[in-house]
Each structure stands twice: as C-alpha cells, then as structure tokens.
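User: Could you take a close look at the surroundings of the ligand for me? I'd like to know what sits around it and how that part is put together.

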Amino acid sequence: MIEATGLTKRYGKTLAVDNLTFQVEAGRVTGFLGPNGAGKSTTMRMILGLDNPTAGQVLIKGKRYRELKDPLRTVGALLDAKWVHPNRSARAHLRWMAAANRIPAHRVDEVLDTVGLTSVAGKRAGAFSLGMSQRLGIAGALLGDPEVLLFDEPVNGLDPEGILWIRKFMHRLADEGRTVFVSSHLLSEMALTASDLVVIGKGRLISQSSTKEFVSRATENAVKVRSPQLEQLRTLLVQAGADVTDSDDGVTVSGMDSEKIGELAAANRIALHELSPQAGSLEQAFMQITGDSVEYHTGLEAEAQHVLEPTR
Ligand SMILES: Nc1ncnc2c1ncn2[C@@H]1O[C@H](COP(=O)(O)OP(=O)(O)OP(=O)(O)O)[C@@H](O)[C@H]1O
C-alpha cells in the first residue's frame with residue numbers, strides 16, 4: 001500500500017533519509033520506529049508530498065502523492081495536532097477542511113462522532129487539551145475516509161487514557177482494512193500497538209519484520225550461570241556456539257537460552273548453582289540495536305533512564 005524504494009533526503013550536509021526501502025501493508029498497524037532525529041518525520045513528509053526526495057521514490061497505492069486524484073480520499077495524516085486555528089471551533093475547523101477538499105459537510109459530524117468529540121464540537125479548538133487536539137487531528141485525517149493513514153508520534157505527551165484510546169483506535173482502523181503507518185521512538189509503545197515494524201536509525205533501514213520477531217531479537221537475553229565445574233561448562237557452551245563472558249562469580253552467556261544451557265549441563269552431569277536470565281528492558285535492547293545510529297545521545301539517555309525502571 002505504501003512502497004518506498006531507495007528513498008533519500010539530503011538537507012545540505014545532513015543525510016536525513018538514506019536509501020530507505022520498505023513496504024507498508026493494508027489491514028494492519030505498522031510501526032515506524034527510530035530514535036529522535038532518525039528521519040521519521042522527513043520520511044512521512046515525503047510520503048505526503050510535502051518534501052521532495054533527493055533520490056528514490058515513495059508510492060501510495062502505486063502512485064506518487066501528487067499524482068493522486070483526490071489525495072484526502074486516499075491518504076489522511078496527523079503530523080502536528082496543534083495545527084488548527086485557535087479561535088475556530090472543532091466543527092468549523094473540520095468544515096473548512098471539508099470545503100477545501102470537496103468533501104460533503106455531513107462527514108464532519110460523522111468524524112466528530114467517530115473520535116468522540118461531538119459534545120465539544122462547538123468549543124474553541126485553541127482551548128483543547130493535547131488529547132482532544134489529537135482526536136481533532138485524527139478526525140481531520142479521517143474526513144476523506146482514506147484507505148491509508150499516517151500518524152507521526154500520536155501518543156507523545158498523552159496521558160495513559162489518551163494513549164489507550166489512540167492504540168485501540170489504530171487497531172480499529174486496521175481492522176477496517178486500512179493501511180495504518182504510525183511513528184514512534186518507543187519500542188515499548190510500538191510493541192503494544194503495531195503488528196509490523198519498520199525500524200530506522202540515522203536515516204537508514206535497520207530492519208523490517210513482524211513486531212514479534214523484532215522484539216524477540218531485541219530481548220535475546222543474557223543468562224548468568226554459576227557452577228563448581230565452570231571451566232568444563234564454558235568449553236561446552238563455546239563449542240555449542242554460545243558467547244561466554246566472565247562475570248563476578250560466574251559467567252554470562254548470550255546466544256543460548258536458559259533451557260538449553262540447563263539441558264547441556266544436565267547431559268554432561270555438570271552441577272549448576274545459578275541459572276538466571278538477565279532480562280533487560282525492551283527499550284534498553286532497542287537503544288542497543290539502534291545505538292550506533294543515535295544522533296542526539298543526551299536527550300535519549302535521559303529518557304531511556306526514565307523508561308528503564310529495572311524489569312527484574
Ligand atoms: N527542513 C530541514 N532542514 C534541515 N535539516 C532537517 C530538516 N528537517 C529535518 N532535518 C534533519 O534531518 C534529520 C532527521 O529529522 P526528522 O525530523 O525526520 O527525524 P525524526 O526521526 O522524525 O525525529 P523527531 O522524532 O525528533 O522529529 C535530523 O538530523 C534533522 O535535524
């Protein structure tokens with residue numbers, strides 16, 4: 001439904017998007033995951049024809065955005081929720097959008113109802129909370145009843161209730177058969193929202209896979225092992241392809257799960273005094289995977305610390 005091929009965007013010396021090739025399918029929520037500054041917004045702007053690629057292309061249903069006959073009926077987007085005239089009511093804002101795009105006025109009340117804003121439709125949009133502004137932005141994206149929807153960091157700054165609402169709403173849109181492409185810098189959020197992931201770092205594609213696959217790769221755990229026959233066990237583990245490093249009073253094994261290590265020890269009559277998976281958090285693993293490609297370390301580290309309460 002969305003197909004990027006060799007998509008590239010350069011701003012002066014900055015290569016914001018670097019040769020990205022990926023596909024986003026209909027009927028599912030696809031997460032667009034990457035640290036801040038990875039190039040997500042730039043990619044979304046190129047999908048929407050708001051920026052021209054330096055090289056490569058991105059097609060929606062086989063066409064460039066500019067070639068679409070009725071763009072709003074094909075693609076809806078929420079890029080910046082605060083993009084409304086503050087003195088206009090929610091209804092007036094949507095009516096204005098509808099009129100500008102030859103969309104019948106009755107759609108306005110339909111989409112207000114869909115996003116649960118009917119009761120505040122006459123109020124000034126400038127007085128809306130962030131959660132309400134997000135809903136209004138989503139209502140705008142839905143006006144043309146598009147098959148493809150793009151959301152740029154839609155849960156940023158929302159309270160838990162708002163986050164849950166957005167998450168459920170995305171699932172509903174995908175269940176209706178639409179293509180839903182949603183960006184985020186939080187793997188923990190995407191793990192709950194998206195069934196597929198396009199992961200980027202510093203403009204480059206890191207992976208495209210199902211969320212399940214990415215998460216299991218990301219959290220491939222290290223296992224702490226203690227044993228009175230440690231050297232014998234170490235040799236066996238290395239022969240079996242695991243990575244073994246010394247830790248305080250034992251070893252840390254990666255590349256093999258605790259079940260396999262336990263079975264290998266049992267089969268060789270080796271006693272174990274400890275066999276404990278060292279589960280890191282999802283976010284920590286994600287930071288490691290995209291580590292080399294993180295641009296703004298300071299902010300991210302502070303944030304990672306915040307998200308990273310130990311899960312053990
Ligand atoms: N108009 C522009 N002019 C110059 N550089 C830009 C412009 N837009 C983006 N960039 C640069 O391109 C890179 C990617 O930015 P982009 O906003 O696409 O990333 P992002 O993944 O959406 O991050 P964030 O979530 O922080 O917005 C950054 O280095 C950014 O500074």
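Analyst: Here's a walk from the ligand shell out to the sheet and helix beside it, and then to the domains.

Keep in mind that this is a predicted model. There are 13 residues around the ligand, and the ones that come nearest are Tyr11, Ala16, Asn36, Ser41 and Thr42. Two elements give two or more residues to that shell: strand E2 (14-24) and helix H1 (40-47). H1 has the largest share, with 3 residues.

E2 belongs to an open sheet of 3 strands, ordered E2-E1-E4, with antiparallel pairing. E2 is an edge strand, and so is strand E4 (55-60), each pairing on one side only. From one strand to the next, the twist averages 20°. For background, strands of a sheet pair through backbone hydrogen bonds, and they can do it parallel or antiparallel.

Let's zoom in on one pairing. Strand E1 (residues 2-11) runs antiparallel to E2, and 7 bridges join the two. Among the bridged residues, Arg10 has Leu15 in E2 as its partner.

And the helix? H1 lies across E1, E2 and E4, at about 115° to E1. That puts H1, with its 3 shell residues, across a sheet that has E2 at one edge.

Stepping back to the whole chain, it's divided into domain 1 (2-217) and domain 2 (220-278). The C-alpha centres of these two domains are 45 Å apart.

Conventions: Residues numbered from 1 in each chain as written. Predicted model: local features only at pLDDT ≥ 70, side-chain atom pairs only at ≥ 80, totals over all residues. Near = placed C-beta within 6 Å. Helix = DSSP H or I, 4+ residues; strand = E, 2+ residues; numbered from the N terminus. Domains from an automatic or database assignment. Pairing = 2+ DSSP bridges. Axes fitted to C-alpha atoms, helices over the stretch in contact; angles between N-to-C directions. Contact = placed C-beta atoms within 7 Å.
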